[in-house]
Amino acid sequence: MEFASEAWMRWNSRPWAAERRFALRLAFGLVLVLWPWAGGHRVAALASEVVNAGASLVFSGPESLQMHPEGPPDSWNALLTIRNGLGTERVLWELRRIPYIPTAVFAALTLAFPLGSRKRRFVVLAMGVMILQALPLLRLILLLSSNAPIRLVGLPSWLHSALVVACGALVFPPGMAYAVPLLLWLLSLSLLDRAALALAVRSALGLHEPGHFAPPVSRLSPKSRQKHRRNSPHGKRGRRRRSRHKR
Amino acid sequence: MSSTSALLGRPGVRFAVRFALIAALLFTLYGFPYGTYGISEQWLGAYLSGYAEVVGAVLRLVEDKVVVQGNTIYGAAALRIVRTCDAMEANVLFASAVTAFPGPVTRKMAVVAGGLLIIGVLNLLRIATLYYVVLEHEQAFAFVHLELWPLLLIAATLCLFLTSLRFLRATPVPRAT
């Protein structure tokens, strides 16, 4: 109990403001993106266009794959129609859990974390979103290769088994819908901004000087640097804060 | 070759590679499409039935009409425990991360055992709350089941891992002779 109250007091102290800001931004971002907003139909329509365009390039003749939005306007469902010479198979795909949630969680993490420059943040975001949008392809291939006799993609059994495992570990909800974006975010940070990741890890482990969670001033964009100077103890606001404190 | 070994020599990279390999192995063992009537599927069926029995026992503390048959729990509502209901993703990620982290093996084993126990308890709580969500707010079931609880479980696993790292990193106190 004492440990908890001590941790709470430390968390509320000023030097931990950067960590607190990250946690609050992340919580706000997660609530915002995970709120059950209506508008799934638009996502389903967009996904259908992409899948149909891709499928028209890959399949021809009696073989075809089509996707179209299904259900009421607030529904995130899309119906996949798979056809070959032998018949037709219809599969319902819930687009909110795959791929919306992983992408949204990744975006919330990236936007909440103080990466220093907008360019770096954009690169991380673009890279992650591309990978997370490509992961459902694994599920699609699995679907097209396993629905015998309506099978459009023939895979050797070992590859099919590997695909089942990969889908279970990377694509299928529920747990991995959150774990995969988290791991991907850590990976992209480690590739693009190892210093920031190291500081975050040290912060989480309680091994750093408080307040160092934010990136070093030299890595900040000119605008953020200006803001940092204003807020620092020697800056305009800092001086004002100190004089108020003295009074 | 030397650049690869230099890269693998970095503690962060070594941890990431170990973590990925262990997690891949555990996910393969769990998610491999074994034959439908093989021993592995029988084992998995027995494991899920056992899980359902434990959940049923927890639910019986507050509701005595709960009956478990196979992997299905019957009461005022019915719940079926299937492959992903056992929070195995969280278990695999936690066990892989702790095992991949450098530290004494005995300490890591203790941390893994303790962590899996805590995740197991959280998962029992999850299933028990889902039972009441089905009863009281059925329309919220999909959201709570597939979106809210998985987020809480993964967040709890991450917190658990970060907390256990402090224990793993702590220097053992020498015993007085």
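Predicted model: local features only at pLDDT ≥ 70, side-chain atom pairs only at ≥ 80, totals over all residues.
- Chain A has an open sheet of 3 strands, in the order 1-2-3, and the pairing is antiparallel.
- Strand 1 and strand 3 (87–94) of chain A are the edge strands, as each of them pairs on one side only.
- Going from one strand to the next, the twist averages 20 degrees.
- Strand 1 of chain A runs antiparallel to strand 2 (residues 77–84) of chain A, and 6 bridges hold that pairing.
- A:Leu79 has A:Leu92, in strand 3 of chain A, as its bridge partner.

**Two helices packed together in chain A**

- Two packed helices are described by the angle between their axes and the distance between the axes.
- For helix 2 (residues 17–34) and helix 4 (residues 96–112) of chain A, the axes come within 9 Å and cross at roughly 155 degrees.
- That angle is over 145, so helix 2 and helix 4 of chain A count as roughly antiparallel to each other.
- The crossing of these two helices of chain A is right-handed.
- Residues making the contact include A:Phe22, A:Leu26 and A:Leu30 of helix 2 and A:Val105, A:Ala108 and A:Leu109 of helix 4 of chain A.
- By class, this helix 2 to helix 4 contact in chain A has 12 nonpolar, 1 polar and 1 charged residues.

**Where chain A meets chain B**

- Each chain puts 21 residues into the contact.
- On the chain B side, helix 2 (11–31), helix 4 (88–100) and helix 6 (141–169) each supply at least two residues.
- Helix 6 of chain B gives the largest share of that side, with 10 residues.
- The chain B side is made up of 14 nonpolar, 4 polar and 3 charged residues.

**One exposed lysine**

- A:Lys223 lies in helix 10 (residues 222–231) of chain A.
- A:Lys223 counts as exposed because it has 9 C-beta neighbours inside 10 Å, and the cut-off for exposed is 12 or fewer.
- From A:Lys223 to A:Ala200 it's 23 residues in sequence and 22 Å in space, C-alpha to C-alpha.

Methods: Residues numbered from 1 in each chain as written. Chains lettered and ligands numbered in written order. Contact = placed C-beta atoms within 7 Å. Helix = DSSP H or I, 4+ residues; strand = E, 2+ residues; numbered from the N terminus. Nonpolar A, V, L, I, M, F, W, Y, C, P; charged D, E, K, R; others polar. Pairing = 2+ DSSP bridges. Buried ≥ 20, exposed ≤ 12 C-beta atoms within 10 Å, placed from the backbone. Axes fitted to C-alpha atoms, helices over the stretch in contact; angles between N-to-C directions. Parallel < 35°, antiparallel > 145°, perpendicular 65-115°, else oblique. Left-handed = near helix turned anticlockwise from the far one by under 90°.
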